[in-house]
Amino acid sequence: MLAGRRYRLELDFGQVLIAEKVAGICRSVWNTALEQRREYRRRGAYIGYAQQCAQLAEAKADFPWLAEAPAQVLQQILKDLDQACRRHGTWKIRWKSRARWKPSFRFPTPAHTPVEKLGRKWGRVFLPKFGWAKFRLSRPLGGRVKSATVCFDGRHWFVSFLIDDGLPGAAEHLLPGTEAGVDRGVVTAATTSEGEFFDRAHVTEHTVSTHTPPGEGEPGGAFLSAKEAERYLRLQRRLVRTQRGSKRRKKVVAALGALMGRLRTRRADFNTQTAHRLTRDHATVVVEDLQVTNMTASAKGTLERPGKNVAQKSGLNQAILNKGWYGLERALISKARYTGSVIVKVNPAYTSQRCSACTAVDPKSRESQAVFRCTTCGHVEHADVNAAKNIKNRKAAGLVVSGRGDLQAPAGSVKRQAPRSIARGTHCAPRAAA
Ligand SMILES: [Zn+2]
């Protein structure tokens, strides 16, 4: 099966300059090619990949700097753009702005990027225009390389290999019939209907008292320490005061990028470990459908996540958690291929206000962040576990949505999307597919 492996590159000074230059060229090729496609569409015409590729080759005569990037990398950019435009439409595709874009470029032909093991801890990969680049061999490659992607993640350059590990996918789970609903939360990152708590501190005991209300706990479900969260807010304030294009702004942006890079690494690590345990222990994992959450979040307001200080700090929490949740979903889908688990998505509306025992819905039942006490039947439970049980029950009730939000049969529909998610995972995204 296809899997991703990401390693930290140890580029020398010259190679870092090359990487930055290549990344910049890729960005401008993307933007120029996108503009060209739009121009054609405005005239009612169409330009495709083959034509753009030919024009790129011609353009190298007039713009010699284009030749400083490996040809196959630029062709890959045009191919990615072509695919994106076909899938989403030319007008939906965004520019790669300097501020928003994470530098990333792919070498699609493994024959051009041979990989060698240098010892127990080091490996090296040959990248056209770069020469040999060393990387920390933090885990065995464990398969045949299909492509290599170089990307920058806040602080460091990485190389991601798409590999074929030759392992067969599991058709059936070893524990048939096991099922768990998973609720995401602000204080505990993920809670299951079976009463397991997953966060960075690995809280496994069912203890209500150790949970602090939102806004007072560690921001980001402990993915950032209190000090780091403070620093984040300070940097944000500083950023507002800087001028566009100034040196100071660059510095602040770099510092923010480094902080967020650290958070992403922790989050990816957490997602992988959590997904591993969830898919190992359960044949079916039921999660909330995020797109539905996003749509209903504003309408439900703070009722869905009650608490006293749902202001600034938990705004940060929420943002971090929302981002991470996609990562966990992706990690689950990836891991499920090996264990045979089925990942099911359900509409999450009112899961935190509904009683899992008698199904009565009342916002008042959510007594505090941690305690759910049903106003109808008096059922008392940890609020997150109650929500996770509701999520699990929704699957039993047949309220399953696919990734696109339409109703579908519960069996295995999400699992089949796996290859596409993995393909997406080969870009710079936090390594969920490991
Ligand atoms: Zn009840």
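Buried means under 20% relative accessible area, exposed over 50%, and partly exposed in between, with a 1.4 Å probe and protein chains only. Keep that in mind for the tour of this predicted model, where local features need pLDDT of at least 70, side-chain atom pairs count only at pLDDT 80 or more, and totals for chains, interfaces and linings use all residues. Residues are numbered from 1 along each chain as its sequence is written, and side-chain values use heavy atoms, without hydrogens and water.

**Stop one: aromatic rings.** Rings of Phe, Tyr and Trp (its six-membered ring) pair if their centres lie within 6.5 Å; planes under 30 degrees apart are stacked, over 60 edge-to-face, the rest tilted. The model has nine aromatic pairs by this rule. Tyr7 and Phe161 form a tilted one, with 6.0 Å between centres and 55° between planes. Tyr7 is in strand 1 (residues 2-10) and Phe161 in strand 7 (residues 157-164), so the pair ties together parts 154 residues apart in sequence. Here strands are DSSP runs of E, at least two residues, numbered from the N terminus. Next, select Phe105, Phe107, Phe130, Phe152 and Trp157, a cluster linked by ring pairs.

**Stop two: zinc.** Show Cys355, Cys358, Cys374 and Cys377, whose SG atoms coordinate the zinc ion at 2.2 to 2.4 Å. Donors are N, O and S atoms within 2.8 Å of the metal (3.2 Å for Na, K and Ca). The four donor angles span 107 to 113°, so the arrangement is tetrahedral (all angles between 85 and 135 degrees). Finish at Cys358, partly exposed at 29%, and Cys377, partly exposed at 42%.

Terms used
Helix = DSSP H or I, 4+ residues; strand = E, 2+ residues; numbered from the N terminus. Tetrahedral: all angles 85-135°; square planar, octahedral: opposite > 155°, others 65-115°.
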